[in-house]
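Dear colleague,

Please find below the structure that I am handing over to you. My notes on what was found in it follow directly after.

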Amino acid sequence: MSNSIMLDPTAELDPVEKQLLPRLETLSGATVGLLDISKPRGKEFLDEIEKHLVEMGATVKRYMKPTFARVAPQELNQKISVECDAVIEGLAD
Amino acid sequence: MNQSTANRITVVIKKDCPTCALIEPVLAELVDEFENRIAIYVQDDPAFPQSIRVKLDDTSLEFSYANKIEIVPTLICSNDEEELGRTVGWDKSEWRQLTGLTNLGNELVDFKPGCGSKTQDPGMEEILAAQFEKDLLQARKVELAQSEDEIEACFDRGWSDGLPVVPPTVVRVIRMLKATNRAPDEVIGNIPPNNLPCTIEKVAINAVLAGCKPEYLPVVLASVEAALQDKFCMHGLLCTTYFSGPVMIVNGPVIKKIGMNSGVNALGQGNRANASIGRALQLLIRNVGGGVPGGIDRAVMGNPGKYTYCFAEDESDEDWTNLAQDRGYERTDSVINLFAGEGLQAIVDQQSRAPESLTKNIANSLRSVVNTKMYGAADAILVVSPEHRRVFRQAGWTKQDLREALYDNLMIAGSEVIRGADDIAEGMPVKFKDKLLNKFRDDGLHIVTTGGSAGMFSAIISGWVASGEKGSQLVSQKIQ
């Protein structure tokens, strides 16, 4: 039907599949961040998660985004990446 | 006698040009004089002219394009280093001067204008640019197999919003880019959600996909710049579970220049500019930003406007400010405004002839934005129809009068809308019980006019539930 050439409308930088970061082998002794995205009832949900993580030997640090509607400020991302080995983002709804 | 310093002569001609045919004897004289130092390029028929034995085939137009030939015949005189001069058409004195041959073309008339070069045929310039300017575009080229259908290939590669797109061929993209002076490799910004850098070229490619004419590109570019304003919060808007997407309202002279619809069915189908400009931004966010429904776009239902939601304002009443003026621009400015919104809800009022009555009715409908018990949550656009505007204008009201009257009509006692009130669990937090609330935050209600001249129907475009500083605010961008 054709042998035409088209120009790629995508960013091209996107790899075909995104690779996950290496996983933690154990939670014991690890510092895990819990990021509350500021939606209602996020605190109760993350309190429960924290309890389980502590039982597994992890140290938990809590963080909060100023508003769920906007991406986390870069300072907050950097703070978490410096202070934690892993982070769990408390999505809601 | 040859008195010119030129030692090389180049002539570009085509058979389909009476002037080129006229100068055939002149070409013969030049061949005799300059022998192997003359090159005659023929654009259409390499056999023409018959009396000249040595001529060069330029049916590919490569030489003509590279040397910017606009008219045939063109005579170029040069020495070993550089071009010394050129003339177009047949002008006996100029040809004699440039060649140094004082008796050249003795038998001919003094002057006969030439014809357009084949490089100037409609659409040819972009075709030749695509062929001969390899470095013009940077985007990855995707070569289709012989068996592939172009439109299906775009679907297969995930470039579509679900409707067919216009295949972004090199020629189409070059044609699109001609509508701007901005360099194709200029980065316009990082497109959310992946925040990947986006060039003017990528915007042009997506504008082609969306079905834009090149003359729409400046509006599309302004829409991208508006969407990238921090206040608009495009990232959050894309990711939300809520219905909203970008709604575009265009103001100013550009509306008529590119033929946008601000009349009958302005928010509906049928106008190419309205439809494709709104679609281009959505496709750019999908393709460059990586914002794909079901991926990071988590809308519970979305809304049909996420294909495209773009219209122009009716600016026929000079005493009624347009949205751009409300945002601080002049009426003579062309501006695109972006609002995080969804849907369209009708407000029918065929009885009110007094502005007070009409305002109250409109306010009652506006209370339903998000739900009737949420105040100050979502912004909204009130779309006033021309007939409703007439009711206000005949009573001497300005838009500001309407805005103030709506404000007064949209107050409510907090106790009526707190959670639990009216046996409805949803509502405002109990702390607002003793407060007086307005339906909209300050600067949260915008008023525009569009639509056909018959019909006493206005409408509401409800905003994102995360409006204001915590989420998205209406943004405006001047169209260059």
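Chain B has 17 helices and 21 strands; both are DSSP runs numbered from the N terminus, where a helix (H or I) needs at least four residues and a strand (E) at least two. Please note that this is a predicted model, in which local features need pLDDT of at least 70 and side-chain atom pairs count only at pLDDT 80 or more, whereas totals for chains, interfaces and linings use all residues. Residues are numbered from 1 along each chain as its sequence is written, and chains are lettered from A and ligands numbered from 1 in the order in which they are written.

Overall form of chain B

The C-alpha atoms of chain B fill a box of roughly 105 × 50 × 35 Å along the principal axes. The radius of gyration of chain B is 31 Å, while a compact globule of 480 residues would have a value near 23 Å; the radius is taken over C-alpha atoms, and the globule rule is 2.2 Å times the number of residues to the power 0.38. Of the 480 residues in chain B, 45% count as buried. A residue is buried if 20 or more other C-beta atoms lie within 10 Å of its own, exposed if 12 or fewer do, and partly exposed in between, with C-beta atoms placed from the backbone. Among the contacts in chain B with a separation of 6 or more, 74% come from residues 24 or more positions apart; two residues are in contact if their C-beta atoms, placed from the backbone, lie within 7 Å.

The two chains together

On the side of chain B, 34 residues are in contact with 19 residues of chain A. Strand E10 (141-143), helix H7 (170-177), helix H8 (200-210) and helix H10 (234-239) of chain B each give two or more residues to this side, and H8(B) gives the most, with 4 residues. By class, the side of chain B that touches chain A has 15 nonpolar, 11 polar and 8 charged residues. Here Ala, Val, Leu, Ile, Met, Phe, Trp, Tyr, Cys and Pro count as nonpolar, Asp, Glu, Lys and Arg as charged, and the others, Gly among them, as polar.

A pair of helices in chain B

Helix H9 (residues 217-227) and helix H12 (residues 272-287) of chain B pack at an angle of about 50°, with their axes 9 Å apart. H9(B) is therefore oblique to H12(B). (Angles under 35 degrees count as roughly parallel, over 145 as roughly antiparallel, 65 to 115 as roughly perpendicular and the rest as oblique.) From H9(B), B:Val219, B:Val220, B:Ser223, B:Val224 and B:Ala227 meet B:Ile277, B:Ala280, B:Leu281 and B:Leu284 of H12(B). This contact has 8 nonpolar residues, 1 polar residue and no charged residues.

Backbone details

Most residues other than glycine have a negative phi, and most peptide bonds are trans. B:Val72 and B:Pro73 are joined by a cis peptide bond, with omega about -5°; B:Pro73 is in the loop between strand E4 (71-72) and strand E5 (74-78) of chain B. Another cis peptide bond joins B:Pro192 and B:Pro193, with omega about 5°.

A:Arg41 is not a glycine, yet has a positive phi of about 70°. A:Arg41 counts as exposed because it has 10 C-beta neighbours inside 10 Å. B:Asn265, also not a glycine, has a positive phi of about 65°, and with 14 other C-beta atoms within 10 Å B:Asn265 is partly exposed.

Yours sincerely

Methods:
Axes are lines fitted to C-alpha atoms, for helices over the stretch in contact, and angles run from 0 to 180 degrees between N-to-C directions.
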